[in-house]
Amino acid sequence: MDVSRLSATDAATATAELQDVYSSGPINEIGLRNALRNPDFVLLVARKEDAAAGYLHGALIDRVDGGQMLLVYDIEVADSHRRQGVGTALVSAARHIARESGASETWLVTESDNEEAMALYEKLGGKRFAAVGYEWREG
């Protein structure tokens, strides 16, 4: 398995490649390219046998105390590749990027009923914290 961080030059091929894994709708190539131009945007793709097995995306965020953190927005692993180390590889690679960038912490959230994901994150040393999320749809 190979995990790589994508850049803006990867947008065209990544749009088609990730569509098989991304479950939230169609990926917009222009939107993806614009996101990838931001040096703080993190998009990792795990490939097995030259096909996308999963992805992780997030952003490095500057904090008002002068520190930096990595906020992971989304992790998705193709059904056919679950429980094969893809999630572990993606989280490990993201944490490596965070450390290399000087971030002091990595955060991610998941739905409270996503037992498989929570078990993985705890196995990888993540500490569960209590939080309540809110969402606004702006259009």
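This is a predicted model: local features need pLDDT of at least 70, side-chain atom pairs count only at pLDDT 80 or more; totals for chains, interfaces and linings use all residues.
Student: Let's take helices. How are two packed helices described?

Tutor: By the angle between their axes and the distance between the axes. Axes are lines fitted to C-alpha atoms, for helices over the stretch in contact, and angles run from 0 to 180 degrees between N-to-C directions. Helices (H or I, at least four residues) and strands (E, at least two) are DSSP runs, numbered from the N terminus. Here, helix α1 (residues 11-19) packs with helix α2 (residues 29-37) at an angle of about 120°, and their axes are 9 Å apart. That makes α1 oblique to α2; angles under 35 degrees count as roughly parallel, over 145 as roughly antiparallel, 65 to 115 as roughly perpendicular and the rest as oblique.

Student: Is the crossing of α1 and α2 left-handed or right-handed?

Tutor: The crossing of α1 and α2 is right-handed. A crossing is left-handed if the near helix is turned anticlockwise from the far one by less than a right angle, and right-handed if clockwise.

Student: Which residues make the contact?

Tutor: Contact means heavy atoms within 4.5 Å. From α1 come A11, A12, A14 and T15, and from α2 come E29, L32, R33 and L36. By class, this contact has five nonpolar, one polar and two charged residues. Ala, Val, Leu, Ile, Met, Phe, Trp, Tyr, Cys and Pro count as nonpolar, Asp, Glu, Lys and Arg as charged, and the others, Gly among them, as polar.

Student: On to rings. How many aromatic pairs does the structure hold?

Tutor: Rings of Phe, Tyr and Trp (its six-membered ring) pair if their centres lie within 6.5 Å; planes under 30 degrees apart count as stacked, over 60 as edge-to-face and the rest as tilted. The structure holds three aromatic pairs. One of them joins W107 and F129, a tilted pair at 5.0 Å centre to centre with 45° between the planes. W107 lies in strand β5 (residues 105-108) and F129 in the segment after α4 (115-123), so the pair ties together parts that are 22 residues apart in sequence.

Student: How accessible is W107?

Tutor: Buried means under 20% relative accessible area, exposed over 50%, partly exposed in between (1.4 Å probe, protein chains only). W107 counts as partly exposed at 36% relative accessibility, and F129 counts as partly exposed at 40%. Y134 and W136 also form a tilted aromatic pair, 6.5 Å centre to centre and 35° between the planes. Y134 and W136 are exposed.

Student: Now the backbone. What is the phi of E49?

Tutor: E49 has a positive phi of about 55°, although it is not a glycine. E49 sits in the loop between β2 (41-48) and β3 (51-62) and is exposed, with a relative accessible area of 81%. R83 is not a glycine and has a positive phi of about 65°. R83 is placed in the loop between β4 (68-77) and α3 (86-100), and its relative accessible area of 76% makes R83 exposed.

Student: And E76: buried or exposed?

Tutor: E76, found in strand β4, is buried, with a relative accessible area of 12%. Leaving aside neighbours within four places in sequence, E76 is in contact with V21, Y22, S23, G54, Y55 and L90. E76 and Y22 are 54 residues apart in sequence and 6.9 Å apart in space, C-alpha to C-alpha.

Student: How far apart in space are I30 and R82?

Tutor: I30 and R82 are 29 Å apart, C-alpha to C-alpha, and 52 residues apart in sequence. I30 belongs to helix α2 and is exposed, with a relative accessible area of 58%.

Terms used
Residues are numbered from 1 along each chain as its sequence is written. Side-chain values use heavy atoms; hydrogens and water are left out.
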